[in-house]
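Hello,

Here is the structure I promised to pass on to you. Please open it in your viewer and keep it beside you while you read the notes below.

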Amino acid sequence: MEQVSSNFSFGGTQHVFTHQSEATGTPMTFSAFVPAHAPGARLPVLWYLSGLTCTHANVTEKGEFRRVCAELGLIFIAPDTSPRGDDVPDDAAYDFGKGAGFYVDATQAPWRRHYQMRRYIERELPELVARNLPVDMQRQGITGHSMGGHGALTIALRNPGRFRSVSAFSPIVSPMHCPWGEKALNGYLGTDRSAWRAYDACALIEDGARLPDLLVDQGGADNFLAEQLKTELLEDVCKRTGQPATIRIHPGYDHSYYFISTFMADHLHWHGQRLSGNASND
């Protein structure tokens with residue numbers, strides 16, 4: 001793990017790291033804000049997954065999370081959205097290929113060689129972070145935006161008990177039923193729609209997966225709401241199955257980081273309550 005940059009902020013340190021990934025076969029970059037802490041302390045960690053076209057830098061530069069993370073003693077980690085490099089397959093469209101990994105393990109050529117983002121986020125990156133940063137892996141939360149909201153929900157639903165807290169901003173709640181998702185899942189996984197269900201939050205809940213609780217914020221003026229995000233599908237399945245969820249629609253807000261930064265503190269405090277407890281020591 002090599003340090004790309006390090007900046008002092010709110011008494012803690014904002015890092016950017018790069019490392020060679022076994023899962024993707026490429027270098028991968030992620031950012032990590034580590035608040036000030038006592039020697040030997042282990043802090044709770046919140047994973048943030050970004051949306052289409054983004055890298056680790058979008059939330060790191062525009063998410064406005066560091067002040068509250070410093071107050072809560074919460075490590076904030078933001079990985080990239082897909083593999084990068086000259087040898088990595090890409091697509092001319094913004095919603096497929098680089099910047100659009102959809103947090104899946106691709107099974108179709110030519111994508112399967114490098115697009116193994118599920119394995120990277122679920123296994124490789126947490127193991128790397130646990131070895132190198134002062135995280136308490138018994139106190140993990142996960143959140144994300146848009147495609148990253150889809151990633152946060154599905155990863156949490158597939159890994160019961162791993163995350164004490166789960167939230168999302170403007171998530172793609174059912175990729176099986178929107179153009180972004182159908183394009184990505186068909187391209188990365190093939191035409192067998194039964195294989196898509198592991199990457200669809202609504203389908204996973206229908207199939208019995210559960211979260212202890214869920215917070216979702218959605219902008220009412222989001223131009224992707226009706227066609228791509230379809231928040232009403234998540235509201236419906238949570239009501240039908242008894243999945244606890246707080247789903248809030250905010251009039252006037254769009255899909256941008258102006259929206260995310262407005263409600264970031266709410267999400268951090270929500271996670272902080274569920275991840276609270278005395279920091280553990282080595």
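Which residues line the largest cavity? In this predicted model, the lining is made up of W47, L49, I121, E122, P126, I142, I155, R162 and F163. The structure holds 1 cavity of 30 Å³ or more, and about 50 Å³ of space lies in the largest cavity. Two elements, β4 (41–49) and α3, each supply at least two residues of this lining, with α3 giving the largest share at 3 residues. Sorted by class, the cavity lining has 7 nonpolar and 2 charged residues, and no polar ones.

Next, the largest pocket. Its volume is about 160 Å³, and its lining consists of S174, M176, H177, R197, D200, C202, A203, E206, L233, D236, V237 and R240. The elements that contribute two or more of these residues are α6 (201–206) and α8 (231–241). Of the elements, α8 gives the most, with 4 residues. By class, the pocket lining has 5 nonpolar, 2 polar and 5 charged residues.

Elsewhere, F33, Y48, F65 and F76 are linked into a cluster by ring pairs. One of these rings also has a charge over it: the charged end of R66 sits over the ring of F65, 4.8 Å from its centre. Another arginine, R274, lies over the face of W270, at 3.8 Å from the ring centre.

Along with Y188, its buried residues are W180, G181, A184, L185, G187 and L189. What covers the buried residues of α5 includes α7 (225–229). Just after α5, G190 takes a positive phi of about 95 degrees.

C69 is in helix α2 (residues 66–72). Is C69 buried or exposed? C69 counts as buried, because its relative accessibility is 0%. Not counting residues up to four places away in sequence, C69 touches F33, P35, L74, F76 and L268; F33 and F76 belong to the ring cluster described above. The C-alpha atoms of C69 and P35 are separated by 6.9 Å, although the two residues are 34 residues apart along the chain.

The other is H145, in the loop between β6 (135–144) and α4 (147–158). H145 has 5% relative accessibility and therefore counts as buried. With residues up to four places away in sequence left out, H145 touches Y48, L49, S50, G51, F169, S170, H255 and I260. Of these, Y48 is part of the ring cluster, and L49 is in the lining of the largest cavity.

Finally, some backbone details. S170, one of the residues touched by H145, has a positive phi of about 45 degrees although it is not a glycine. S170 is found in the loop between β7 (163–169) and α5, and it counts as buried because its relative accessible area is 0%. F10 also has a positive phi, near 50 degrees, in a residue other than glycine. F10 lies in the loop between β1 (2–9) and β2 (12–20), and at 53% relative accessibility F10 counts as exposed.

Where is the cis peptide bond? The bond from A109 to P110 is cis, with omega near -5 degrees.

Methods: Residues are numbered from 1 along each chain as its sequence is written. This is a predicted model: local features need pLDDT of at least 70, side-chain atom pairs count only at pLDDT 80 or more; totals for chains, interfaces and linings use all residues. Side-chain values use heavy atoms; hydrogens and water are left out. Rings of Phe, Tyr and Trp (its six-membered ring) pair if their centres lie within 6.5 Å; planes under 30 degrees apart count as stacked, over 60 as edge-to-face and the rest as tilted. A charge sits over a ring if NZ of Lys or CZ of Arg is within 6 Å of the ring centre and within 35 degrees of the ring normal. On a 1 Å grid over the protein atoms alone, a cavity is a set of points where a 1.4 Å probe fits but cannot get out, and a pocket is an open set with protein on both sides within 12 Å along at least five of seven lines; lining residues have an atom within 4 Å of a point. Grid points are joined across faces, edges and corners, and a volume is the space filled by probe spheres set on the points. Ala, Val, Leu, Ile, Met, Phe, Trp, Tyr, Cys and Pro count as nonpolar, Asp, Glu, Lys and Arg as charged, and the others, Gly among them, as polar. Buried means under 20% relative accessible area, exposed over 50%, partly exposed in between (1.4 Å probe, protein chains only). Contact means heavy atoms within 4.5 Å.
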